[in-house]
Amino acid sequence: GEPTKSLNGAMQDLESDYSSKALMFNWPGSDVGCPLGFPEEEARASGPAFAHALHKLAYYVDTHAAALAGVKLVLISHSMGSLVLEESVADDPMPFPAALFDTLVVGSSASARADHAAWLSKVDYSPQVYVTLNDGDNVLSAAGGAPGGTRLGKNVNGTMLAANALYVDFTAASVNHAYYIHSGQNGQHMTDFYNDVMNGIPYDFAGSNAINSIEERDGTFIYTFDGQ
């Protein structure tokens, strides 16, 4: 049902939840094999088009700098959208501005957990990169049977991390797959996190009372939320 499904649902939620204006990148073939399909080939085929869209956005931002003064830009990939993101940096020879986006959220990622640092470390156009984890994500559990095994959005056990990203584990919140909008969240601490990062504000982990544990690894951190 895409793009109508998201235009009538998640896109409106993004705008109301975070007082934002949302732009959606729709990739052809996202419905192939639904509800149990995993159209990885179609997602990856859209990577170059997504890179092109980002270059067009970068040009617009550069040529409208005065009008956009004070405006924050946030990029979120959801589920198989991270495969589009992953492929967009694979062979793109053109550099992006270092701060095209204030924040990047790689949410509920359906990219393979193994070796994800190789491509994520190439995403250098946002100073704040967050990867959300949720071992209780039933959708990603089902996707784990696809080539590559466990999905990045489940957990990062036993794999190298990308040093340019911070990893945020929401397993304790007992949420499922679409927790980037308020209706999919559980607990004020989780909502507080998203209210910050989805508005381009770096989350203050040091001053937060929502973190159960912190793991330092591979030059970065995994923050585990308490679920409250």
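Begin by selecting threonine 159, which sits in the loop between helix H7 (138-143) and strand E4 (166-169); helices (H or I, at least four residues) and strands (E, at least two) are DSSP runs, numbered from the N terminus. The model on screen is predicted, so local features need pLDDT of at least 70 and side-chain atom pairs count only at pLDDT 80 or more, while totals for chains, interfaces and linings use all residues. Residues are numbered from 1 along each chain as its sequence is written, and side-chain values use heavy atoms, with hydrogens and water left out.

Stay with threonine 159, which counts as buried because its relative accessibility is 11% (buried means under 20% relative accessible area, exposed over 50%, and partly exposed in between, with a 1.4 Å probe and protein chains only). Leaving aside neighbours within four places in sequence, threonine 159 is in contact with residues including Arg113, Asp115, His116 and Arg217, where contact means heavy atoms within 4.5 Å. Show aspartate 115 as well, and look for its backbone nitrogen, which lies 3.4 Å from a polar atom of the side chain of threonine 159.

Next, display the sheet, an open one in which 6 strands follow the order E1-E2-E3-E4-E6-E5 with mixed pairing; two strands pair if DSSP finds at least two bridges between them. At its edges are strand E1 (74-78) and strand E5 (211-217), each of which pairs on one side only. From one strand to the next, the twist averages 20 degrees. Strands E2 (residues 103-107) and E3 (residues 129-133) run parallel and are joined by 3 bridges, and leucine 104 has valine 129 in E3 as its bridge partner.

Helix H5 (residues 81-88) lies across E1 and E2 and runs at about 115 degrees to E1, with axes being lines fitted to C-alpha atoms, for helices over the stretch in contact, and angles running from 0 to 180 degrees between N-to-C directions. Helix H8 (residues 188-197) lies across E1, E2, E3, E4 and strand E6 (220-225), running at about 150 degrees to E3.

Within helix H5, select glutamate 86, which counts as buried because its relative accessibility is 14%. Not counting residues up to four places away in sequence, glutamate 86 touches Arg44, Ser111 and Trp119.

Finish at serine 19, in the loop between helix H2 (10-18) and helix H3 (40-45), which counts as exposed because its relative accessibility is 70%. The C-alpha atoms of serine 19 and asparagine 199 are separated by 8.3 Å, although these residues are 180 residues apart along the chain.

Key:
Polar contact = N/O pair within 3.5 Å; in protein donor to acceptor, adjacent residues only side chain to side chain.
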